[in-house]
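Biologist: I'm new to this one. Could you take a close look at a single part and walk me through it?

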Amino acid sequence: IYNARIEMTSEQYTDDLQKIKENIKVYGGYISDESSYGKEPEVAGDAGRTSTLTARIPADAYPQFIEALKGIGKNISLEQSVEDVTDQYFDLESRLEVLELRKEKLEELLKQATEMEDIIILNEELSEIIYQIEKLSGSKRHLDNQINYSTVTIYIREYFRSTITTKTEKTLGERISESFGDSKINISTILMEPATKNCAHQSLT
């Protein structure tokens, strides 16, 4: 059983999400689960949108599908795992064979039974055997599906490139120049004050 989890970011979120879904179809897979949240970013600092998809991909197309995903967006991480279920599968098959033989034997005995008590006992045992067969058959079908279809979880997050320019730090020369400029303004103000006062005094006299 092959499983993978891939995480990516995208500046073209809508287009890349569509590409992922198209590739799932191209390789014969389907989406078993999908969730999305967030909204399209409008200004710098907005979190943007995020989607998580669980894709079931035919096992024979799994390697090609993973390679196709590597060409979408910017891949951040890829985790892959392989689980060997050979022993588990053969165990299920063996148990099912034994139960099927037991079922056939009980059905034969039931046909031959004439006593009501025997019929009741055989029917109860047969019902239990049928229940176990159905349960194990369900487990086998699930395992078949896991073997035939690989599970790939895809996490895509929208990346918004900020266009805001940062304020550059002033150079030492610029800071000194500004300081002198402020000093000139202060000196000019001080020198003008006496002259202003003299003019005011003369006008009063």
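Modeller: One term to start: a polar contact is a pair of N or O atoms within 3.5 Å, where one must be able to donate a hydrogen and the other to accept it. Keep in mind that this is a predicted model.

Let's begin with α3, which covers residues 86-112. Its 27 residues should span 39 Å at 1.5 Å a residue, and the end C-alpha atoms are 40 Å apart, so the two figures agree. Which residues of α3 are buried? They are Tyr 89, Leu 92, Leu 96, Leu 99 and Leu 106.

Now for α4 itself. This helix has 33 residues and reaches 47 Å from its first C-alpha to its last, close to the 48 Å expected at 1.5 Å a residue. Its buried residues are Leu 122, Leu 126, Ile 129, Ile 133, Leu 136, Lys 140, Leu 143 and Gln 146. They pack against α3, and also against β3 and β5 (149-158).

How do the two helices sit relative to each other? Two packed helices are described by the angle between their axes and the distance between the axes. For α3 and α4, the axes come within 9 Å and cross at roughly 155°. Angles over 145 degrees count as roughly antiparallel, and α3 and α4 are therefore roughly antiparallel to each other. The crossing of α3 past α4 is left-handed.

Finally, have a look at Arg 56, which lies in strand β3 (residues 50-58). Is Arg 56 buried or exposed? Its relative accessibility is 7%, so Arg 56 counts as buried. The side chain of Arg 56 makes a polar contact with the side chain of Asn 145, at 2.7 Å. Leaving aside neighbours within four places in sequence, Arg 56 is in contact with residues including Asn 145, Gln 146, Tyr 149 and Ser 150. Gln 146 is also one of the buried residues of α4.

Technical notes. Residues numbered from 1 in each chain as written. Predicted model: local features only at pLDDT ≥ 70, side-chain atom pairs only at ≥ 80, totals over all residues. Heavy atoms only, no water. Helix = DSSP H or I, 4+ residues; strand = E, 2+ residues; numbered from the N terminus. Expected span 1.5 Å × (residues − 1). Buried < 20%, exposed > 50% of the residue type's maximum accessible area, 1.4 Å probe, protein only. Axes fitted to C-alpha atoms, helices over the stretch in contact; angles between N-to-C directions. Parallel < 35°, antiparallel > 145°, perpendicular 65-115°, else oblique. Left-handed = near helix turned anticlockwise from the far one by under 90°. Contact = heavy atoms within 4.5 Å.
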